Amino acid sequence: MDCKIPQTHTSSVADEILSYVETGNASPLLHEIQHALTTLLEQGRETTIDLGAMPFAPGDERILDEVLGEGEVYATITIMGESKIRETGTPGVWRIDHFDENGEYQSRFIEITFMPDILKTQHEDAEQGLKDLRERITTLKP
Amino acid sequence: MANTPMLAEMMKTHGISRRAFMKYCASLTSLMALSPALAPRVAEALENAPRPSVIWLSFQECTGCTEAITRSHAPTIEDLIFNAVSLDYHHTLQAASGHAAEEAREHAMKQHYGKYILIVDGSIPIKDPGYSCIAGISNLDMLKETAAGAAAIVSVGTCAAYGGVGHADPNPTGAVAVSEIIKDKPIINVPGCPPIPVVMTGVLAHFLSFGIPELDELGRPKAFYGNSIHDRCYRRPFYDKGQFAEGFDDEGAREGWCLYKLGCKGPTTKSACATVKWNNGVSFPIEAGHPCLGCTEPDFWDNGGFYKPLSVPAGDYRDAGLAAVAGGAALGAASALLAKAGKTKAAQAHETVDAHDLEKSS
């Protein structure tokens, strides 16, 4: 079932208006990120903040994007729908947005880390990769 | 039938990577309102969870709960969790019928006695057990018999959790909740009319990974029912600023203001609707412009009217009608006066009355 709302001129105007609706949660969140980044640098401890765990309106998103800025790294993982991983303009602060196969949000996180785990190759996947590679090599003609 | 493959093995069989599993566990942890730091523990627990047997009993219900869960567009790993569960009896979904179906239930009960999960949707009539029977067995007897060997019971939907529409006034069948009959088993209530599909999956995943979740005073998992819809509602800032829609077509409605005055039960209703939403996270009733009905709360059908603000005492309409009767109106004209009284009162108090309220009174 496809429940996506078609993008029309009217909805883009509505989106523009909605982008100014705020809950007031952006400011305390930015302070939390500031503390987490300090902790990462001083103690090496990573922090993950679940954006789905608090009321967050489009206006808050706008403030967050404006203050954190746009960074240098942008990665898309295509498993079970897309996951968009991007480093913000504040190095060490990453946005991780998981979408389902219909392009709808599954979950949204801010990770304060030097490298998000989900970007790394997982040990089990590498093991499976090695197994698959060996099989492929054996099928090669000499 | 139940067998032993673990989720990890099934993932390999289906070609699902560890990275995909990490994504799923991160989203599931968020859904369960757990700290993101617990995601690795959720992954580890799910990977090692044994495959449980599930018996699903449907009593006085509309099949809405089953419809919701089966028509949800589940991510692949959620599908796998359902595959990981051995659904040994579900009379709506199973191919077998009659004695063959009942034999499947009896076999599962015997084979997994003390270990299976019992899921129930629908209320149980106790006024006369003959009101609702399956294969000649009353709902009451089937529940008692099946609950005896269950490790835990999940009451899915408001009917099983609190009696629901069957229990609404005047409750002609004497409908009650599972918890009013079974007293010696852990019961997890997953209310909603119907519950959000991913909440049902989440409760199952929580059971598989951490066992019985922490429950609130109404038997609901705190992870999904810990906050009121009001606290998580994107329209909450309008409530705080005192900006309310007072009709479904006024300026406030068009501007997306708070629906409190239109009868929204969000402030007294605990559910994840405002964060998890429906139809793959597309929307939820308030976002669609309709007040919350409070369907995850006991007796929400009898809560004084869906379109009456919470600040208006329940039963106000009935009081107005009784006053009209007491005033000397003939019995035949009483209902018309009741409707008129309601309309006049609404106009004076600027209270919203919809067609259904008036129909009930006329």
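Biologist: Which residues have the most contacts inside the largest nonpolar core?

Modeller: Please keep in mind that this is a predicted model. The largest nonpolar core has 95 residues, and a residue counts towards such a core only if it is buried and nonpolar. Those with the most contacts inside this core are B:C25, B:I55, B:L118, B:V120, B:I153, B:V178 and B:V199.

Biologist: Why does this core lie between two domains of chain B, and which domains are they?

Modeller: The core lies between them because both domains give residues to it. The two are domain 1 (7-224) and domain 2 (229-302) of chain B.

Biologist: Leaving aside neighbours within four places in sequence, which residues is B:V199 in contact with?

Modeller: B:V199 is one of the residues with the most contacts inside the largest nonpolar core, and a contact here requires C-beta atoms within 7 Å. Once the neighbours within four places in sequence are set aside, the partners of B:V199 are B:V190, B:F224, B:A272 and B:V276.

Biologist: What share of the residues in chain B is buried?

Modeller: Chain B holds 18 helices and nine strands, and among its contacts with a separation of 6 or more, 69% are between residues 24 or more positions apart. Of the 362 residues in chain B, the buried share is 44%.

Biologist: Turning to chain A, in what pattern do its helices and strands follow one another along the sequence?

Modeller: Chain A has four helices and five strands, and buried residues make up 22% of its 142 residues. Read along the sequence, these elements give the pattern α-α-β-α-β-β-β-β-α.

Biologist: Which element gives the most to the side of chain A that touches chain B?

Modeller: The contact takes 28 residues from chain A and 25 residues from chain B, and the side belonging to chain A divides into 12 nonpolar, nine polar and seven charged residues. The elements that give two or more residues to this side are β1 (47-50), β5 (105-112) and α4 (123-138) of chain A. With four residues, the element that gives the most is β5(A).

Technical notes
Residues are numbered from 1 along each chain as its sequence is written. Chains are lettered from A and ligands numbered from 1 in the order in which they are written. This is a predicted model: local features need pLDDT of at least 70, side-chain atom pairs count only at pLDDT 80 or more; totals for chains, interfaces and linings use all residues. A residue is buried if 20 or more other C-beta atoms lie within 10 Å of its own, exposed if 12 or fewer, and partly exposed in between; C-beta atoms are placed from the backbone. A nonpolar core is a set of buried Ala, Val, Leu, Ile, Met, Phe, Trp, Tyr and Cys residues joined through C-beta atoms within 7 Å. Domain bounds come from an automatic or database domain assignment. Two residues are in contact if their C-beta atoms, placed from the backbone, lie within 7 Å. Ala, Val, Leu, Ile, Met, Phe, Trp, Tyr, Cys and Pro count as nonpolar, Asp, Glu, Lys and Arg as charged, and the others, Gly among them, as polar.
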